Amino acid sequence: MGSRRAARIGRWLFPSLVAACAGGLAAGLVEGIAADLLLTLAGAGYVALIVVPVGFMASVVVRGIVSAWRQDDALALIERDGSTPRLAGWLVTAAIGGVLFVLAMHHGTRLLLGTIELQPNKLGFAAALLAVGSGGLLLAISVPSARLFSGLAQRLERRWQRRGRGVLLTPRRSIAAVVVLVSGLVAVIWLGFVGPQLAAVDLSVLRVPAVVLVVHAVVPAVLGRLRRRVIIGCSLIVGCLGVGAVATFVRFERPSLALDVWGEGAVAGFAIEKIFGLDAIRDDVTMEYIRPQPKAGEDHPDIVLVTIDTVRADRTPPYGGPARMPALADLARRGSVFTWAFAPSNVTRRSLPTIAIGLLPNEVRGRTVGWGLRVDPRHVMVAERLRAGGYDTAGFMCCPAVWAPHLRTGLSRGLEHFVVEADGANLVEHANRWVTARRSSARSPAFVWMHLIEPHNWTVGRGVSRSNLDDRALYDRSLTRADELLDRFLQRVATHLPRAVIIVTADHGEGLGDHGQLYHSTDLYNSQLRVPLVIAGPGIANQTLAEVVSSVDLVPTIMDLAGFHVPDRVSGRSLADMLRGERAARPDGGVAFAQMIIDRSNRRQMAAVVRGRWKLIQSGGRGELYDIYRDPDEQTNLIGVHPDVAGQLRELVVDQAAQAVTLSAWRLSGAAR
Ligand SMILES: [Zn+2]
């Protein structure tokens with residue numbers, strides 16, 4: 001008896017299992033067929049590893065509920081005659097409720113953004129309240145609404161049956177009608193309201209769920225009619241097991257290939273992260289090939305990099321700004337100041353990867369996580385290169401929102417000693433302790449990276465002191481606070497790493513009311529892009545360098561100053577020759593690119609390029625041209641006066657974008673496995 005029962009259960013589960021396997025294989029194919037067969041099979045395998053169990057469980061639950069409805073009148077959603085007016089009423093209510101809920105969240109969040117100025121913690125709290133509030137309200141009106149629609153459906157059903165035409169609202173027809181209704185509603189709302197506000201939206205993430213849904217709807221019905229259903233079903237299951245085995249094999253025997261799969265597909269990437277762990281795979285890849293080549297006869301100085309969040313160059317002393325920043329001013333008096341240094345983007349999550357990797361934002365691959373960017377594990381960090389070259393490396397970072405280890409952005413790779421601490425004073429204390437402690441035993445040079453956050457939070461307390469301090473004065477005070485921390489750190493560096501090369505810069509600027517923007521992440525004007533860049537140390541001349549440079553030049557420059565050849569596959573150029581006074585700055589040479597990329601806080605795609613005095617900002621078909629040497633605040637758009645210059649710069653933007661596409665197709669070549 002027991003075995004017969006087991007067989008019955010098995011027969012009942014079989015269609016779900018086959019549907020799940022078919023869904024997994026179909027989703028794997030949808031996500032990508034690569035030129036490499038192993039890559040294709042492994043990719044399908046990773047997708048299947050996540051899609052099959054989820055699909056199987058969902059299918060069992062849904063089929064279970066449906067058959068319970070069929071057998072049991074207790075739920076009373078199906079009438080004795082087989083019609084389903086009550087089911088239809090509830091489905092319509094659920095559909096309309098869902099749409100209303102989404103609309104409420106959408107408009108509510110926009111409203112909140114306007115009133116609480118994009119402070120993530122406040123927004124998170126308010127959004128949760130909004131969700132609970134609107135959800136509760138909808139729940140409260142759901143019963144009368146369902147009754148109303150059930151009543152309407154019942155009248156329709158009765159009228160239909162009175163004419164002797166059998167049952168109108170069979171369960172299948174009810175569900176189909178609601179699906180059509182919801183699709184229509186969603187299409188109208190999307191095309192009419194949401195779409196135009198979001199501009200370009202990447203809908204490719206919906207492909208896999210859509211395929212899985214369709215397969216699950218079709219397979220059990222089709223399977224039942226097939227003569228060789230057991231053979232076909234079993235082949236699908238075996239196929240799934242096969243690609244799953246390939247995926248597992250690739251993870252352990254060819255880890256660099258697994259990283260390629262992560263870079264190519266979102267669902268496969270998700271599976272890899274969840275099941276195997278991205279960092280664990282990266283650790284298994286032999287990175288021997290990143291070891292930098294030392295330049296003959298050059299020594300390897302200590303290197304200290306301090307990035308301060310949200311520092312606008314023209315507020316700081318080396319750039320004639322009014323903020324009190326004695327430490328930065330002193331560093332500028334001892335070293336080189338780049339008059340025209342540009343961030344590669346206007347937001348931390350796009351700028352920091354450029355500083356760490358040496359690629360422009362549109363060349364860096366990755367996925368947004370929180371306020372950060374989880375970069376493609378195939379990218380190599382400058383700290384990894386220096387560590388491979390014999391450096392001791394340490395990172396002291398301000399802010400969990402971007403640096404927290406659980407975000408696994410990959411940016412801290414290569415930083416052997418790594419501290420995330422929100423309080424600036426404590427952070428500097430950690431760094432100073434490390435710098436002091438390593439002196440006694442140090443045989444190898446040090447690379448220390450510190451990221452300070454203070455100016456990013458300049459509005460804290462703004463509400464209170466608004467009356468006697470304007471925005472700029474408040475902002476300048478935050479710069480002074482950051483400078484005090486910088487001072488405390490650089491004093492310790494001067495004692496314990498006296499021959500260090502010191503680099504101070506920022507990830508982006510701040511609007512402060514220019515071009516109608518108070519903060520950043522909104523446009524590519526100089527207020528948000530032009531950053532301080534001050535470099536001092538042994539062999540570095542004391543000078544002002546009026547050549548356009550970019551943060552993307554930092555990796556090649558750091559490697560060069562550290563006594564190594566500039567690595568392949570970085571986009572910037574070394575500024576070391578200028579710094580050492582071996583070549584003069586060229587005011588009309590030098591190019592800096594910047595990009596705003598659509599993601600969680602960036603609503604528009606935009607690109608900018610600076611070459612010498614000319615700067616072009618391109619947004620869709622609209623271009624603006626400025627002579628930044630004469631007009632650094634970008635008040636006079638000269639695109640009508642110099643269409644030829646604008647045309648040349650536009651070509652630069654187009655060429656760079658084309659190169660970025662090629663670059664993003666690279667592999668971790670050189671990796672042993
Ligand atoms: Zn920032």
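**The sheet and what packs on it**

Author: Eight strands make an open sheet with mixed pairing, in the order β7-β6-β8-β1-β9-β10-β2-β11. Two strands count as paired if DSSP finds at least two bridges between them, and helices (H or I, at least four residues) and strands (E, at least two) are DSSP runs numbered from the N terminus.

Reader: Which strands stand at the edges?

Author: β7 (417-420) and β11 (543-545) do; each has a single partner strand, so one side of each is left without a neighbour in the sheet. From one strand to the next, the twist averages 10 degrees.

Reader: Before we go on, what are the ground rules for the numbers?

Author: This is a predicted model, so local features need pLDDT of at least 70 and side-chain atom pairs count only at pLDDT 80 or more, while totals for chains, interfaces and linings use all residues. Residues are numbered from 1 along each chain as its sequence is written, and side-chain values use heavy atoms, with hydrogens and water left out.

Reader: Ok. How many bridges join β6 to β8?

Author: Six, and the strands, β6 (residues 392-397) and β8 (residues 446-452), run parallel. Met397 has His451 as its bridge partner in β8. Helix α13 (residues 348-357) packs on the sheet and touches β1 (303-308), β8 and β9, its direction making about 170 degrees with that of β8. For angles like that, axes are lines fitted to C-alpha atoms, for helices over the stretch in contact, and angles run from 0 to 180 degrees between N-to-C directions.

Reader: And what about β10, which way do its side chains point?

Author: Leu533 and Ile535 point one way and Val534 and Ala536 the other, and all are buried. Buried means under 20% relative accessible area, exposed over 50%, and partly exposed in between (1.4 Å probe, protein chains only). β10 runs antiparallel to β2, with two bridges, and antiparallel to β9, with four. Val534 is the bridge partner of Val337, and Ala536 that of Ile502.

Reader: Switching to helices: what does α12 pack against?

Author: The buried residues of α12 pack against β2 (336-338), α18 (471-496), β9 (501-506) and β10 (533-536). In α12 (residues 326-334), the buried ones are Ala327, Leu328, Ala329, Leu331 and Ala332.

Reader: At what angle do α12 and α18 pack?

Author: About 55 degrees, with the axes 7 Å apart. α12 and α18 are therefore oblique to each other; under 35 degrees counts as roughly parallel, over 145 as roughly antiparallel, 65 to 115 as roughly perpendicular and the rest as oblique. The contact (heavy atoms within 4.5 Å) is made by Pro326, Ala327, Leu328 and Leu331 of α12 and Asp483, Leu486, Asp487 and Leu490 of α18.

Reader: How does α16 sit against α18, parallel or antiparallel?

Author: The axes of α16 (residues 424-437) and α18 come within 10 Å and cross at roughly 5 degrees. That makes α16 roughly parallel to α18. On the α18 side, the contact includes Leu485, Arg488 and Phe489; on the α16 side, Val428, Ala431 and Val435 are among the residues involved. The contact divides into six nonpolar, four polar and two charged residues. There, Ala, Val, Leu, Ile, Met, Phe, Trp, Tyr, Cys and Pro count as nonpolar, Asp, Glu, Lys and Arg as charged, and the others, Gly among them, as polar.

Reader: Which residues have the most contacts inside the largest nonpolar core?

Author: Phe338, Phe447 and Phe489, in a core of 91 residues. α18 gives the most to this core, with nine residues. A nonpolar core here is a set of buried Ala, Val, Leu, Ile, Met, Phe, Trp, Tyr and Cys residues joined through side-chain atoms within 4.5 Å. Not counting residues up to four places away in sequence, Phe489 touches Val304, Val306, Val428, Ala431, Asn432, Val435, Val448 and Met450.

Reader: Last one: is Val250 buried or exposed?

Author: Buried, with a relative accessible area of 0%. Val250 lies in helix α8 (residues 229-253). Leaving aside neighbours within four places in sequence, Val250 is in contact with Leu38, Ala42, Tyr46, Pro255, Leu257 and Ala258. Val250 and Gly43 are 207 residues apart in sequence and 9.7 Å apart in space, C-alpha to C-alpha.
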